[in-house]
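Please read the numbered points with the sequence and the model at hand.

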Amino acid sequence: MDDDLAEMRALRQSSKFRRHQLQYGSRTEARKEREREEEVLRAKFEVEKEKKEQEAAARKAEIEKATQEVMAGLPSEFGAKKDEGSDNRKRNRGLLEGKVSESEMKAAMDNIKALRLPVTCEIVLAHGTKTVASIALDPKGGRLLTGGHDYSVKMWDFAGMTSTLQSFREIEPEEGHLVRQLRYNRKGGKFLCITGYRCAKVFDRDGHLEYKSNRGDMYIHDLQHTVGHVAALTDGHWNPKADNEILTSSEDGTMRIWDLSVERRSKEYTKLKPRSGGRRTPVTACAFSPNGNMIAAAGKLGSIQIWERKAGKTGPRAKKKVYDAHEPQTETSALVFGSDNRTLVSRGGDHTVKIWDIRKFKKPLKVFSGLSNLYPTSDVAFSPKGDLIIAGTSNPNKEGGQGDLVFFNRKKLKEVQRIRISNSSVLRVLWNARLNQILCGCSDGATRVLYDPELSQNGAMLCIKKKAKRKSAMDFSMFTNIHNPHALPLFAATRNPKRIRSKARADPLLSKKPLEPIKGEGNQGRIGTHNLTTHLMQCMAKNTIRNEDPREALLAFDKKTKADPMFFGNAYKYTQPKKIFADADEDEDEDTEAIKALKKKISSAPAGADPTSYRKEWM
């Protein structure tokens, strides 16, 4: 008996174990499978991470090696390779792709170091595929604006960019018009945008429109009596001493000063006068002096004229003028005043850069020729200290040639350095004093920022140090289509037809309800009710005299006369003529009685009687 119980107990335990194994064994295997998959993924991630670290270390070593070779004046394969299209390269800016000797290379590097030019490094900001015609940098050097022939303005933030060098915003100031000039005000809170349209626009720091100048009436001959420009704008500047004043020039031959704090009408008007009276001379460039007391303008006929401003107003006539400053029928693309308010530099369309002394304005101090200029927006600028002048050159050949950045010494009046920038033309140039970096806008759609790690600070040096966020193998997300079957028309709830008809009846478009008449004056081509015709029709509708019986109307006054003879009868008591009424005719009365008797006889005649038998009685 005891043996049977023990055998049954052992059998029971074994069956219980089998049930437990069947129930929980599959879960254990699934958990082990998941652990094995996680280990495989973790191993792959570690291998990939180690591989990327090795590539980064190799790349860093290669960059350090190339940098040391370039700074030593030796050509390197890495530098030549990066010269083809790199966004961040280090090379000798005085060399022409290793086609000069080692001694010349070393002399060029020594000259660049002696002049302290920040040109050893470069980043390339890709604006687009078309020409960059304007660039602007705020006074603090944090934000950059680029605009060009693609009608757009891109905004760049050096502190917020990574090494990918992407802009954070893009706007189109005027649809279908290229951007010719961009300038920040002295505080950096607003920027002026000059396009090929007649109106100038002012945007805030984030690219929102704040002000738009008014456009003039092109049918007015005397432009002094219109409120704005009547032709395309060519240039624009902020008043260096007033944050709410801007200067604009136009192809209509005028310059206007606008006050942003008042109405959109121009505050001042100045006209560029030609040598002999005649048609208008388009203004191609204008400039404010640093102290705000002078305005300079260049005309398409080659003239440069300067006006004085006293007590915030511009004189009617130019104080200084030179009619043959540049060749006629060429566009003087830029005018820049020196910090001493006595030096003026002009960039001519005759492929020259001229330096002028305003005190002796008849002839230029120096003429630098052979500087190709094929664009009406080519620029010239001063260095932060004012001792150097920089200008870009154009590339006349699309297949060959080069665009250079040329440096001139203002005191010695000679060219001191020429640096090749790219195979395209160099239009805009800007040398920021706070960053000590040089910006160049080129015709290939790129803006090149030149700097030196030892001489420059911030700006381009901030963004090249920031790496883009690395994609991790664990940051995997599966993008699948989300299906919502109840959103299909098949599952849509049926609507009440009566409710649909009532809703359509209330909709004036679906019910095709005719337009209601306009009350008051008409507008948008529709005639209103406030006119003479409507007034007459309303008066005619109220006049019902044509529907009244004249006899009843006169009898109404008869009752009033009898009731109150004081005003009606007594007034004509002695002057009223005697009333004479005609007596009744006896024959007419007899005929009337005979006709009545005959009608009675005919009506009482038997059926079938001939009515013509009564004709004799009638006759």
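Is Lys271 buried, partly exposed or exposed? Lys271 is partly exposed, with a relative accessible area of 41%; buried means under 20% relative accessible area, exposed over 50%, and partly exposed in between (1.4 Å probe, protein chains only).

1. Basis of the note. The model is predicted: local features need pLDDT of at least 70, side-chain atom pairs count only at pLDDT 80 or more, and totals for chains, interfaces and linings use all residues. Residues are numbered from 1 along each chain as its sequence is written, and side-chain values use heavy atoms, with hydrogens and water left out.

2. Overall composition. The chain contains 10 helices and 30 strands; helices (H or I, at least four residues) and strands (E, at least two) are DSSP runs, numbered from the N terminus. Of its 619 residues, 37% count as buried. The accessible surface of the chain comes to about 40,000 Å², and 52% of this belongs to carbon and sulfur atoms; such areas come from the Shrake-Rupley method with a 1.4 Å probe, and for residues only the protein chains shown count as cover. Among contacts (heavy atoms within 4.5 Å) between residues at least 6 apart in sequence, 48% join residues at least 24 apart.

3. The positive patch. Patches are made of residues with over 30% relative accessible area and no salt bridge; like charges are joined within 9 Å, and nonpolar side chains (Val, Leu, Ile, Met, Phe, Trp, Tyr) within 5 Å. Lys and Arg count as positive and Asp and Glu as negative, while His and the chain ends are not counted. The place of a charge is taken as NZ of Lys, CZ of Arg, CG of Asp or CD of Glu.

4. The negative patch. On the surface, a patch of negative charge gathers Glu35, Glu37, Glu38 and Glu39. Glu37 belongs to helix H1, which covers residues 2-71. With 47% relative accessibility, Glu37 counts as partly exposed.

5. Salt bridges. Side chains of opposite charge can pair when their charged atoms come close. A salt bridge is a side-chain nitrogen of Lys or Arg within 4 Å of a carboxyl oxygen of Asp or Glu, and the structure holds 18 of them. In one, the side chains of Arg186 and Asp243 meet at 2.7 Å, N to O. Arg186 lies in the loop between strands S7 (179-184) and S8 (190-195), and Asp243 in the loop between strands S11 (233-238) and S12 (245-250), so the pair ties together parts that are 57 residues apart in sequence. Arg186 is partly exposed at 48% relative accessible area, whereas Asp243 is buried at 17%.

6. A strand-to-strand pair. Glu210 and Lys190 form a salt bridge whose closest N and O atoms are 3.6 Å apart. Glu210 is in strand S10 (residues 209-212) and Lys190 in strand S8, so this pair ties together parts that are 20 residues apart in sequence. Glu210 has a relative accessible area of 45% and is partly exposed; Lys190, at 23%, also counts as partly exposed.

7. The side chains of Arg359 and Asp357 meet in a salt bridge of 3.2 Å, N to O. Arg359 is exposed at 57% relative accessible area, while Asp357 is buried at 12%. Elsewhere, salt bridges that share partners join Glu245, Lys267, Glu268 and Arg309 into one network.

8. Two threonines in loops. Thr281 sits in the loop between strand S14 (268-271) and strand S15 (283-288), and is buried at 3% relative accessible area. Not counting residues up to four places away in sequence, Thr281 touches Gly253, Leu272, Pro274, Gly299, Lys300 and Leu301. Thr332 lies in the loop between strand S19 (320-322) and strand S20 (334-337) and counts as buried, at 0% relative accessibility.

9. Asn395 lies in the loop between strand S25 (388-392) and strand S26 (403-409). At 10% relative accessibility, Asn395 counts as buried. Asn395 and Ser443 are 48 residues apart in sequence and 9.1 Å apart in space, C-alpha to C-alpha.
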